[in-house]
Amino acid sequence: MLPECDSPNARLAVLARQLCAGGTDGSTWEHVQQAPPDPIIGVNDSYRADTDPRKLNLGVGAYRTEEGKPYVLRAVREAEAALAADPAANKEYLPIAGLPEFNRLSRELALGPGHAAIRDGRVATVQALSGTGALRVGAEFLAQHLPPGQPRVVYVPNPTWGNHKTIFGKAGMQVREYRYFDAKTRGLDFAGMCADIGAAPPGAVLLLHACAHNPTGVDPSPDQWRQLLALTQEKRLLPFFDSAYQGFASGDLDADAASVRLFASAPGPQEMVLAQSFAKNMGLYGERAGALSVVCRSKDVAGRVESQLKLVIRPMYSNPPMHGAAIAARVMADPRLNALWKEELAGMANRIKAMRQALYGQLVARQLPGDWSFVLKQIGMFSYTGLSKAQCEALTRKWHIHLTMDGRISMAGLSAASCPYLAEAIADVVATGGSA
Amino acid sequence: MALSTSAPALAGLRPVLNALPALTRALVQPASAAATTLFGNVEQAPKDPILGITEKFLADTNPIKMNLGVGAYRDDNGQPVVLDAVREAERRVAGSHFMEYLPIGGLRDFISESVKLAYSDDAAVLREGQVAAVQSLSGTGSCRLFADFQKRFMPGTKVFIPEPTWSNHFNIWRDAGVEFAKYRYYKPDTRGLDMDGFLEDIKRAPAGSVFLLHACAHNPTGVDPTPEQWRQLSRAMLERGHFPLFDMAYQGFASGDCDRDAASIRIFLGDGHRLGVSQSYAKNMGLYGQRVGCLSVVCDNKRDASAVESQLKAIARPMYSNPPLHGALLVTKILQDNDLKQLWFKEVKGMADRIISMRSLLRKRLEEAGSPLPWGHITDQIGMFAYSGMSPEMVDALAAQHHIYMTRNGRISMAGVNTKNVGRLAEAMHAVTSGKL
C-alpha cells in the first residue's frame, strides 16, 4: 500500500525505495518480521488483559506483598529522599565504569569486605545495567579477551533463565548445556551435572547461579558446591556467577554469598566473573542497578581488565545510569539504612518461605499424588512445578493463573489467601493432565 | 609504560619496546600459571579520547585548570546545572513508590512525548502510527540499537559518517559489526560545509546506504547546513534511496529553539523519507547521568512499525532488558505539563544564549589579545563546541603549559567557558597559536 504522496519529492522517495527494495510494493521494512513476544514479559501482558477477578500473576519475578502490591523498600525510599535533598547532588555523567563507591560496596557485599582478592586490589568492578547488563558486558569481554585460539564456549544449566542463552549468543559465544534439573525428583541431577561439566574443554566458561536458581529454585548443597569447585579447578574452567538473589534466598546476605566466596577464596588464586543485580534484593527493578566484577590474579591484571571492560561499555551506552546505583550505594554505606535493608530483605525472604509452607500444606491437604516436598526444598522466588505445557495452559485458560509455560511459578505472586486457589488449580490440572 | 616520541632514534623500535611488558610477563610468569591464567595477557586499553580528558583534568592539581573537554553544560561560575524544570519534575516524582520494571521498549508516555518533540506535535507519521520508537540509553544507546538493527536487517549496507564526527560513532558501529565509510563534510580552508563533497559522496555511496546526519549543532565542528542546503541534501538522498539516521543530541541547545533545531528532520520528513532519529536528553535537559534517550524509525505503515519496534526490543532485551526508569519519568513530567515545558524551553534557550555570548566574548578577547589569525569561525559555528582549528600539538601545549584541557582535535566545549575564564583562555590560545594556525 503506497503512502500518501503530497510532493514531488515524496513521490521520488517512494520510487527510490521501490527500486532499492527490489519489489513492486517495496515498503522499506516489509522484510522485517514481528519478533515473538518475550515469554516472561508476555505473561504480564496476558495477566493484564485477563478480566477474571480470581486471576493470579505468577509470571515475572518481582516481589509482591501479601496484598499483591509492589514493594518499594523503606531503606530505598529514605536513601532516595536523602539524595533528592542533597544540595551537592547533580546529574553529571558518571565515569564509564560507573559510581566508584557503588562498585566498591557491591564487590564487598558479594565477597565480604575483608576478602583477600579485594585487599589485594585484584577485583575489577564496573557498574552495569542490572544483571542483564552485567552478563552482557561480561560476555562481550570474554568473547574478545579469552586467550586467542581458545574456543568461546559457555556452559549453562538446563534449564536456565531464557535470556542467558540470548545474551551469550549475542556476544558470539557458543552455548552448551549441562544437566541440572532432575524432573523425577524435582531436585538436582548432580551426577549428570558433574558429568557434563567434566566434559567441558579447558577455558570454557561455566555459568553458575549463585543461589536461588532461576527457574527451578534448586541449589547445590554446600558439599556439592565444594565438589563443583574441585571439578572447575581440575578442568580449568572459568566460573561466571550470576547473583541476582543475594539475601533473597535465605534472608541472609552472607549465607547467600557462600558459593561465590568459596570459589573466590580458592587457590590459584581462582579467576572468576560475577554479575550482580540489585533489582530484587533492593527492589530497584526499573532503576537497573547492577555490577560486573572480574576476579583476577593480580592488581596489574585487574587494572588492564577494567580498561577493556570500559571499551565494551563506551560503544554500548557510554556510562551507566546514576539513580539506582546512587540509592544502592547509600543503602549499603549508611549503617542505619543498611540495617533497615537487611531487616526488610529478611522480611521478604520470610514471606516467600511462608508461601512455600502454605502452598505445600494446601497440596498435602488435597492429598495430591506424588511428592510435593520440593515446594519446601526449592529456594528463592521461583518454584519449578514440573507441570507440563498442557497443564500450564490449562492453569491459565481455566483457572486464570498466569505463569510461564515451563511450569515456573513465582512464589512472590502468592498470598495466604490465594494459596488454596492455586492448590486447587494444580490439583485439577494434575488430575486432568491439562486436557479439560 | 608508554614510550614518548621525543627520542627519534628509538622511534623505529617503538612497537617492539611497547610489546616488552607483555613479553616480559610471559617470560617471568611460571609456566603453570601462564598456562592456566585466562586474563593474564589482557592488554591495557587506550583511554577514551573524550572521557579520558576529564580524567587528565581531574589529575591536574593546579587550581586555575579548565576542563573544555566533555560536552557538559556549566553555568557562568563553572558549576554544573540542574534545571529548575528538572528539580520541579523531581519533586513531583518523589515518593511515587514506583520502581517496577519498565516494558522492554520503555515508558510509553515518554516515547510519545519524545517523538512529538522530534517530529512536531501534529506530524502525519505520528497520527498514522507509522513510527516505531523505543526508549534508549541516551544518544549512545539509541545509535547502538540502530547499529545492531542495521547489522541484522540491512545486511551488506555501510554507515556513512561525516568527516569529522563524534569519536564514539566509529566504536558503536564497529561493535555492531557494521562497516563504515566517511562522507566529506567539513572544509578546513573555509571552516565551513563542504557541500560539493557532501553531495558527491551521497551520489557515490551504494544505493540504500545509511547516512548518519547530525540534526543540528554538528559535533565537533559546529558547522550546520542551512535549511536550503538540507533541502538539497534531502533530494540527493532520495535519489539514491539512502536511509537518513539523524543523531539529535542538541535539540534546543543549538539555536535556543526546539522546532528550529529539528528543522532538518522535518524537511526530510516532508520529502517522504523513511528516516531514523536518535534523541538524547543529556544536554538539553541536563540529564547526563540519567541516560535518557529515544530511538525512532519512521516506517511505511503500522505493520512495519510494529515489526520494527518488536525487533528493536529484541535487541534491547539481551543488552539491558529494560531501560532505566528515573530519567524517563522526569522527561515525561516536563513534556506533559505545559508550564514545566515552557519553563524548560526558557531554560534551554538560556543555556544556548550563554554559549552564544561566550562565543562572541572569546572571539573578541582573541582579537583584543592581538591574534592576527581569523577567528570568525568561533562565532559562525553553532552549538556546544567550537572547532578551533588548533593542532594536536597546540592542544597538548594548552594542557601542559596552561592547564587547559580539550580534545586533541582542537574542539573546545564552550559550555566550560565563562566570563571569569574567557580572558585567560584567549591569552593561552593566542600564546600557543602565535600566528601558526
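**Before the views.** A residue counts as buried when its relative accessible area is under 20%, and as exposed when that area is over 50%; anything in between is partly exposed. By this rule B:E90 is buried, because its relative accessible area is 16%. The model shown in these views is predicted.

**View 1. Chain B meets chain A.** Here the two chains touch. In this interface, 90 residues of chain B are in contact with 90 residues of chain A. Together the chains bury about 7300 Å². Carbon and sulfur atoms make up 57% of that area. Three residues stand out on the chain B side: B:L38, B:F39 and B:M99. They supply 13% of the area that chain B buries against chain A, more than any other three residues.

**View 2. Polar links across the interface of chain B and chain A.** Between the two chains, 38 residue pairs are in polar contact. Which helix of chain B gives the most residues to the side that touches chain A? The answer is helix 14, residues 302-320, with 12 residues. Sorted by class, this side of chain B has 43 nonpolar, 25 polar and 22 charged residues.

**View 3. Salt bridges between the chains.** Side chains of opposite charge can pair when their charged atoms come close. The rule finds 6 salt bridges across the interface of chain B and chain A. One of them pairs A:E92 with B:R74. Their closest N and O atoms are 2.8 Å apart. Over all chains, the count comes to 45 salt bridges.

**View 4. B:R317 pairs with A:D38.** The side chains of B:R317 and A:D38 form a salt bridge, at 2.7 Å from N to O. B:R317 lies in helix 14 of chain B, and A:D38 lies in the loop between helix 1 (8-21) and helix 2 (39-49) of chain A, so this pair joins two chains. Are these two residues buried or exposed? Both B:R317 and A:D38 are buried.

**View 5. B:E90 pairs with A:K91.** In this salt bridge, the closest N and O atoms of B:E90 and A:K91 are 2.7 Å apart. B:E90 sits in helix 5 (residues 84-93) of chain B. A:K91 sits in the loop between helix 3 (74-85) and helix 4 (100-111) of chain A. The pair therefore joins two chains. B:E90 is buried at 16% relative accessible area. A:K91 is buried too, at 9% relative accessibility.

**View 6. A salt bridge inside chain B.** B:K182 and B:E163 form a salt bridge, with their closest N and O atoms 3.1 Å apart. B:K182 is in strand 4 (residues 180-184) and B:E163 is in strand 3 (residues 159-163), so the pair ties together parts that are 19 residues apart in sequence.

View 7. An unreviewed UniProt entry lists residues 54-426 of chain A as "domain: Aminotransferase class I/classII large". Over this stretch the chain is 46% helix and 15% strand. Its end C-alpha atoms are 15 Å apart. A:S130 is found in helix 6 (residues 130-145) of chain A. The residue is buried, with a relative accessible area of 2%. Beyond its sequence neighbours within four places, A:S130 contacts A:Q276, A:S277, A:A279, A:R288, A:A289 and A:G290.

**View 8. A:N281 in a loop.** Where is A:N281? This residue lies in the loop between strand 9 (272-277) and strand 10 (289-295) of chain A. A:N281 is buried, with a relative accessible area of 2%. A polar atom of the A:N281 side chain lies 2.9 Å from the backbone oxygen of A:Q246.

**View 9. A:R408 in strand 13.** A:R408 lies in strand 13 (residues 408-410) of chain A. At 3% relative accessibility, A:R408 is buried. Its side chain reaches the backbone oxygen of A:G59 at 3.0 Å. Other residues that A:R408 touches include A:I40, A:N214, A:P215 and A:Y384. The C-alpha atoms of A:R408 and A:L387 are 8.4 Å apart, while the two residues are 21 residues apart along the chain.

Conventions. Residues are numbered from 1 along each chain as its sequence is written. Chains are lettered from A and ligands numbered from 1 in the order in which they are written. This is a predicted model: local features need pLDDT of at least 70, side-chain atom pairs count only at pLDDT 80 or more; totals for chains, interfaces and linings use all residues. Side-chain values use heavy atoms; hydrogens and water are left out. Contact means heavy atoms within 4.5 Å. Buried area is the accessible area (1.4 Å probe) that two parts lose on being put together, summed over both. A salt bridge is a side-chain nitrogen of Lys or Arg within 4 Å of a carboxyl oxygen of Asp or Glu. A polar contact is a pair of N or O atoms within 3.5 Å; within protein, one must be able to donate a hydrogen and the other to accept it, and residues adjacent in sequence count only if both atoms are side-chain atoms. Helices (H or I, at least four residues) and strands (E, at least two) are DSSP runs, numbered from the N terminus. Ala, Val, Leu, Ile, Met, Phe, Trp, Tyr, Cys and Pro count as nonpolar, Asp, Glu, Lys and Arg as charged, and the others, Gly among them, as polar. UniProt positions are given in the numbering used here, feature names are shortened, and annotations may be inferred rather than shown by experiment. Buried means under 20% relative accessible area, exposed over 50%, partly exposed in between (1.4 Å probe, protein chains only).
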